[in-house]
Amino acid sequence: MPRPTGRVLTLLELLQSGGTRTVAELADRLGVDGRTVRRYVEHLIDLDVPVESIRGRYGGYRLGPGYRLPPLMLAEDEALAVLLGLAAGRRAGLPAAGSTAGETASAKIRRVLPKHVAGRLAALLDSLAFTDLSRPAAAPAPVPDAEVLLTLADAVRHRRPVSLRYTDRSGHRSERTLHAHGIVAHEGRWYVTGADPGAGADPGTGEERTFRLDRITDARPLPGSFEAPTDHDPARQLLAGFAAAEYRHEVVLRVRATVAQVRAHLPATVAGVAELGPTADEGQWLRVELRAERLDWLPPVLAALDRPFVIERPSELRALVTAFANRLASHALRT
């Protein structure tokens, strides 16, 4: 049975979550009667915690404004959310997260956490990478399980193999073994990159794999360890995997432009870009390769790029670009 001091701290945690809590609600959550709740509130007031009593039908207790912040208590998943928010804010260049206040807030949270919790969160922050396109998704993305996230981070830090239960986009379930190299945040989603030791020509290395964390239902560390490649870049692997994913159409273009001009319309998650070298009279040409389920979005992109290009394949794209150009010319001639 919890000791009275533990219940007083639980009461403070309930009040810190915001709003007014009725005596009946607090009594039910603490497993005591209303009289004991009032006694616990008096203990908090004696500790200079500004608890206000609200009278009336919807009355109860709430935290009032005080001269200092009440003691902050965070569960493991709450501490994870706060620290990840600060890390993402620094990566995005948000002033508050990148300032001294953000750094000191992060340090304070780490300092008061239990040692085992602080170690797991530190492992995650050390293994975390962001892509250049790590902006929020247009729609809320599924949230990965916190325990899965922390287990994978520990596997990355200590180079331990991990067993995953994974459901792919077609709904097929499987159990995989992964040598996890890093965790990457990209456009509101979380991914783990690494090598599958059971695949590929070299069993000791395996094929590169990328898994979405919200599709992982269980992650368990396995015995042993592995050697991670020294030059591995998890974010780069993720983007390269997106660009090389299997789709219905394989598109190859030659574009006379700079890499920056192409990337402004076709980011690394969509297309691969390679320099072909300058010609004597026409300047720098690039080879642009991408895969797509549909082609109808490409003519407007090529028009917006507004650079000379050659369509090597597929032939269907030539017809779509011609039709798009004819429509534009028809609209432009209207009076």
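A salt bridge is a side-chain nitrogen of Lys or Arg within 4 Å of a carboxyl oxygen of Asp or Glu. With that definition in hand, the structure shown above, which is a predicted model, can be read from its overall make-up down to single pairs of side chains.

The protein contains twelve helices and twelve strands. Of its 335 residues, 36% are buried, and the accessible surface comes to about 19,800 Å², with 52% of that surface belonging to carbon and sulfur atoms. When contacts between residues at least 6 apart in sequence are considered, 61% of them join residues at least 24 apart.

A search of the whole structure finds twelve salt bridges, and among them is the one in which the side chains of Arg-254 and Glu-312 meet, with a distance of 2.9 Å from N to O. This pair links distant parts of the chain, since Arg-254 lies in strand S9 and Glu-312 in strand S12, which covers residues 309–313, and the two residues are 58 apart. Arg-254 has a relative accessibility of 29% and counts as partly exposed, and Glu-312, with a relative accessible area of 27%, is partly exposed as well. Salt bridges that share partners also occur in this protein, and they join Glu-175, Asp-218 and Arg-220 into one network.

Strand S9, which spans residues 249–255, also holds Glu-250. The side chain of Glu-250 meets that of Arg-291 in a salt bridge, at 3.7 Å from N to O. Arg-291 counts as partly exposed at 29% relative accessibility, and Glu-250 counts as partly exposed at 37%.

A further salt bridge is formed by Asp-196 and Arg-209, whose closest N and O atoms are 3.7 Å apart. Asp-196 lies in strand S6, residues 189–196, and Arg-209 lies in strand S7, residues 207–212, so this pair ties together parts that are 13 residues apart in sequence. Are the two partners buried or partly exposed? Because buried means under 20% relative accessible area, Asp-196 counts as buried at 14%, whereas Arg-209, with a relative accessible area of 26%, is partly exposed. Asp-196 can also be placed relative to another part of the chain, for its C-alpha atom is separated by 8.8 Å from that of Ala-180, a residue 16 positions away along the chain.

Two packed helices are described by the angle between their axes and the distance between the axes. For helix H2, residues 23–30, and helix H3, residues 34–46, the axes come within 9 Å and cross at roughly 95°. An angle of 65 to 115 degrees counts as roughly perpendicular, and H2 is therefore roughly perpendicular to H3. On the H2 side, Val-23, Leu-26, Ala-27 and Leu-30 take part in the meeting, and on the H3 side their counterparts are Gly-34, Val-37, Arg-38 and Tyr-40. Sorted by class, this contact has six nonpolar residues, one polar residue and one charged residue.

Helix H2 also contains Glu-25, which counts as partly exposed at 30% relative accessibility. The C-alpha atoms of Glu-25 and Gly-60 are separated by 9.1 Å, although the two residues are 35 apart along the chain.

A second pair of helices is formed by H7, residues 115–127, and H8, residues 146–158, whose axes come within 8 Å and cross at roughly 70°. H7 and H8 are therefore roughly perpendicular to each other. The residues that H7 brings to the contact include Gly-119, Leu-121, Ala-122 and Leu-124, together with Arg-120 and Asp-126, while those from H8 include Leu-149, Leu-150, Ala-153 and Val-156, together with Glu-147, Asp-154 and Arg-157. Which classes of residue make up the contact of H7 with H8? The residues divide into eight nonpolar, three polar and five charged.

Notes
Residues are numbered from 1 along each chain as its sequence is written. This is a predicted model: local features need pLDDT of at least 70, side-chain atom pairs count only at pLDDT 80 or more; totals for chains, interfaces and linings use all residues. Side-chain values use heavy atoms; hydrogens and water are left out. Helices (H or I, at least four residues) and strands (E, at least two) are DSSP runs, numbered from the N terminus. Buried means under 20% relative accessible area, exposed over 50%, partly exposed in between (1.4 Å probe, protein chains only). Contact means heavy atoms within 4.5 Å. Accessible areas come from the Shrake-Rupley method with a 1.4 Å probe; for residues, only the protein chains shown count as cover. Axes are lines fitted to C-alpha atoms, for helices over the stretch in contact, and angles run from 0 to 180 degrees between N-to-C directions. Angles under 35 degrees count as roughly parallel, over 145 as roughly antiparallel, 65 to 115 as roughly perpendicular and the rest as oblique. Ala, Val, Leu, Ile, Met, Phe, Trp, Tyr, Cys and Pro count as nonpolar, Asp, Glu, Lys and Arg as charged, and the others, Gly among them, as polar.
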